[in-house]
Amino acid sequence: KATTTILDIQSKRSKDIPITMTTAYDSITASWCHEAQSDMILVGDSLAMTSLGYASTTDLPFDEFKYHVKSVCRVPGPSLIVVDMPFGSFESSIPFGISNAIELMKLDSNVTSLKVEVGLHTKDKYTPKLIGELCARGIPVMGHIGLTPQRAHSLGGFKVQGNKSVEETRELLETAKLLQDLGCWSILMECVPHKVATLITSKLDVPTIGIGAGNGTNGQVLVISDMLGMQGKSVPKFVKKYSNLNEIAINGIANYTKEVMEKSFPETASHTFKIKDELWEEIEK
Ligand code: KIV
């Protein structure tokens, strides 16, 4: 199947067909997403915490992130690839943000869009300007609103957004509209009440993708390590675990370790290579 385009995603929205997105962090997880026909892959900066052992997404070095983007992009497949702009790659100045955005797009021609976390428009006077500049330069941007983990300290922690006051809900809606007007081709909403996300979706002409935002958005995204149970820790309330890879992996490794200790692996008949009898007789002489 040919690679999915932004037009394909927009057309799914117009036909009311749900859009699917899954994060991937390397060539293995990317190949799973392609095989499963996920519409989009997000190379999210969540990889800092889910795969690289950092305490926060803000700890992720840009160079390490780029290495993972390249690994995801090396795998051919149908899913459209969206790449996060990690913390530190765009805040210093507009020219700095633009040149890092171009660098991400140039890592691989399979990078189709960037995703940028944005605060409420009354507080964040900078990021919408940058997004406008990127869109004006033909760089596709998915705007990320609601709970924006890169801004967790400013938000007072990892909390649901858009539920504290009428003003806050209105500002969230206005921010989404502003991003659409600036050229964002899609809006991702994280940890927003179901009713608010559904309202925002109904007021926009671009596809919305939700995480912890209920089923009224045009599409859904989940972090792959959460949905597949790749880590032995609890997952956020909004996650559904579709597998328990952590348990499967530990059991597999424990069985292997046991069999090595018992000397039942490798089995001579099936897991080893042969040498011709005549050659061996010669060597043994
Ligand atoms: O980095 C990420 O994985 C994300 C998702 C939580 C949407 O931004």
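This is a predicted model: local features need pLDDT of at least 70, side-chain atom pairs count only at pLDDT 80 or more; totals for chains, interfaces and linings use all residues.
## Overall layout

The chain is divided into two parts. Domain 1 covers residues 6–243, and domain 2 covers residues 248–284. The centres of domain 1 and domain 2 are 46 Å apart, taken over C-alpha atoms.

## The barrel

Eight strands form a closed barrel. Their order is β1-β2-β3-β4-β5-β6-β7-β8, and the pairing is parallel. From one strand to the next, the twist averages 25°.

Some pairings can be followed in detail. Strand β3 spans residues 80–84, and strand β4 spans residues 111–117. The two run parallel and are joined by four bridges.

Which strand does β1 join through four bridges? The partner is β8, at residues 219–222, while β1 itself holds residues 19–23. These strands also run parallel. Thr 22 stands opposite Leu 222 of β8.

Strand β8 pairs with β7 (residues 208–211) as well, in the parallel sense. Two bridges link β7 and β8. Here Gly 210 has Gln 220 in β8 as its bridge partner.

In a regular strand, side chains alternate between the two faces of the sheet. Keep that in mind when looking along the strands above.

## Helices

Helix α4 takes in residues 62–73. It lies across β2 (40–43), β3 and β4, and runs at about 160° to β2.

Helices α8 (residues 166–182) and α9 (residues 194–203) pack together. The angle is about 35°, and their axes are 10 Å apart. The crossing of α8 past α9 is right-handed. On the α8 side, the contact uses Thr 169, Leu 172, Leu 173, Ala 176 and Lys 177. On the α9 side, it uses Val 196, Leu 199, Ile 200 and Lys 203. Six of the contact residues are nonpolar, one is polar and two are charged.

Where does Cys 191 lie? This residue sits in the loop between β6 (186–190) and α9. Cys 191 has a positive phi of about 50°, although it is not a glycine.

A cis peptide bond joins Phe 265 and Pro 266, with omega about -5°. Pro 266 is in the loop between α11 (245–262) and α12 (268–271).

Terms used: Residues are numbered from 1 along each chain as its sequence is written. Domain bounds come from an automatic or database domain assignment. Two strands pair if DSSP finds at least two bridges between them. Axes are lines fitted to C-alpha atoms, for helices over the stretch in contact, and angles run from 0 to 180 degrees between N-to-C directions. Two residues are in contact if their C-beta atoms, placed from the backbone, lie within 7 Å. A crossing is left-handed if the near helix is turned anticlockwise from the far one by less than a right angle, and right-handed if clockwise. Ala, Val, Leu, Ile, Met, Phe, Trp, Tyr, Cys and Pro count as nonpolar, Asp, Glu, Lys and Arg as charged, and the others, Gly among them, as polar.
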